[in-house]
Amino acid sequence: MQEEYNNDNDLVKPNLRTFTTVMNCWAKSKLDIAPDRAYKILQHLEHITNSGEKNMQPNAYSYATMISTWGKSLRSDAPDKAIEILDRVEENYKTGNSTVLANSFMYNAAIDAIARSKGRNKASEAASLLKRMINEFQGGNPEVAPSSICYSTVIKACGYTKNPEEKKIAFQIARKIFRELVTEYQPNPISYVNFITACANLKPPCSKRDNLIVSIIEDGVQRGQIDTIVLQTFKRAVPNHIFQNTVDKYNLH
């Protein structure tokens, strides 16, 4: 398409949506080369924008797609690259080089890149990025309003912490974030799935852990947020008799 346009066929001139759609296709491919190919497209858009075609300036969706592409690639450098793009968006806006504001989609994509990674300290890094998001919102950027999705993604990062030395602090962070979530926002089923998973992965089997997980289910029942996926996660996390008793008690069949 680009070649046809370069050969003076104006009828096939690609627009911003065209380029961003290709970036999104790379994101969904999950190939190792996907972020590199998507980044070349982003750089091309920035180059032609600087050359005078302002209608080709990457928008918030373009940058969110780029960040998401890094996260879905599962490459070891994905979290750093995702945050690098987020940093650039915020810096360009603050210096007047761009009109694009960072938004909650970009932040959640960056947090998800951390959650998907195999790196160390990802619970702390995810929580720090959420804190930065909250600070940006309180500082006047309405596009980065925190939501239950972002909180749930931080809990996801905690729940998949693999290093035994980090599990204690990861659980403490998960519990703190979940408490903030249920206090200030409306948790959704994924919130409960992620926190139950965190409890199961980060705490050794014991009655205290079982009681905590049951209390999470009870909270979800009160809020009407228990669905099939939550129940499946609950069943894997506790002994069968506890699962059956709770399901019967709250008629969750």
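1. **Overall fold.** The model is predicted, not experimental. The protein chain holds 13 helices and zero strands. Read from the N terminus, the order of elements is α-α-α-α-α-α-α-α-α-α-α-α-α. The C-alpha trace spans about 70 × 35 × 35 Å along its principal axes.

2. The protein chain has 253 residues, and 47% of them are buried. Take the contacts between residues at least 6 apart in sequence: 65% of these join residues at least 24 apart.

3. **Largest pocket: volume and lining.** By type, the lining splits into seven nonpolar, eight polar and three charged residues.

4. **Largest pocket: which helices?** Four helices supply at least two lining residues each: H2 (16-29), H4 (60-73), H6 (104-116) and H8 (148-159). Which of the elements gives the most to this lining? H4 does, with seven residues.

5. **Nonpolar core.** The largest nonpolar core has 73 residues. Met106 and Leu130 touch the most other members. Leaving aside neighbours within four places in sequence, Leu130 is in contact with Ile111, Cys150, Tyr151, Val154 and Ile177.

6. **Thr18 in H2.** Thr18 sits in helix H2. Its relative accessible area is 24%, so Thr18 is partly exposed. Its side chain makes a polar contact with the side chain of Asn15, at 2.8 Å. Tyr160 is 142 residues away along the chain, and the C-alpha atoms of Thr18 and Tyr160 are separated by 36 Å.

7. **Asn24 in H2.** Helix H2 also holds Asn24. Is Asn24 buried or exposed? Asn24 is buried, because its relative accessible area of 19% falls under the 20% cut-off. Beyond residues up to four places away in sequence, Asn24 touches Tyr61 and Thr65.

8. **Thr197 in H10.** Helix H10 covers residues 189-202, and Thr197 lies in it. Thr197 counts as buried because its relative accessibility is 14%. A polar atom of the Thr197 side chain lies 2.7 Å from the backbone oxygen of Val193. With neighbours within four places in sequence left aside, Thr197 is in contact with Tyr160 and Thr233.

9. **Asn141 in the H7-H8 loop.** Asn141 is found in the loop between helix H7 (122-138) and H8. Why does Asn141 count as buried? Its relative accessible area is 7%, and buried means under 20%. Not counting residues up to four places away in sequence, Asn141 touches Leu101, Ala102 and Glu136. A polar atom of the Asn141 side chain lies 2.9 Å from the backbone nitrogen of Glu143. Asn103 is 38 residues from Asn141 in sequence, with 8.2 Å between the two C-alpha atoms.

10. **Positive phi at Leu74.** Most residues other than glycine have a negative phi. Leu74 has phi near 65°, a positive value in a residue other than glycine. Leu74 is in the loop between H4 and helix H5 (78-94). With a relative accessible area of 56%, Leu74 is exposed.

11. **Positive phi at Asn121.** Asn121 has phi near 60°, again a positive value in a residue other than glycine. Where is Asn121 found? Asn121 is in the loop between H6 and H7. Its relative accessibility is 42%, so Asn121 counts as partly exposed.

12. **Lys249 in H13.** Helix H13 covers residues 240-249, and Lys249 is found in it. Lys249 is exposed because its relative accessible area of 60% is over 50%. Ala27 and Lys249 are 222 residues apart in sequence, and 44 Å separates their C-alpha atoms.

How values were computed: Residues numbered from 1 in each chain as written. Predicted model: local features only at pLDDT ≥ 70, side-chain atom pairs only at ≥ 80, totals over all residues. Heavy atoms only, no water. Nonpolar A, V, L, I, M, F, W, Y, C, P; charged D, E, K, R; others polar. Core = buried A, V, L, I, M, F, W, Y, C linked by side-chain atoms within 4.5 Å. Buried < 20%, exposed > 50% of the residue type's maximum accessible area, 1.4 Å probe, protein only. Contact = heavy atoms within 4.5 Å. Polar contact = N/O pair within 3.5 Å; in protein donor to acceptor, adjacent residues only side chain to side chain.
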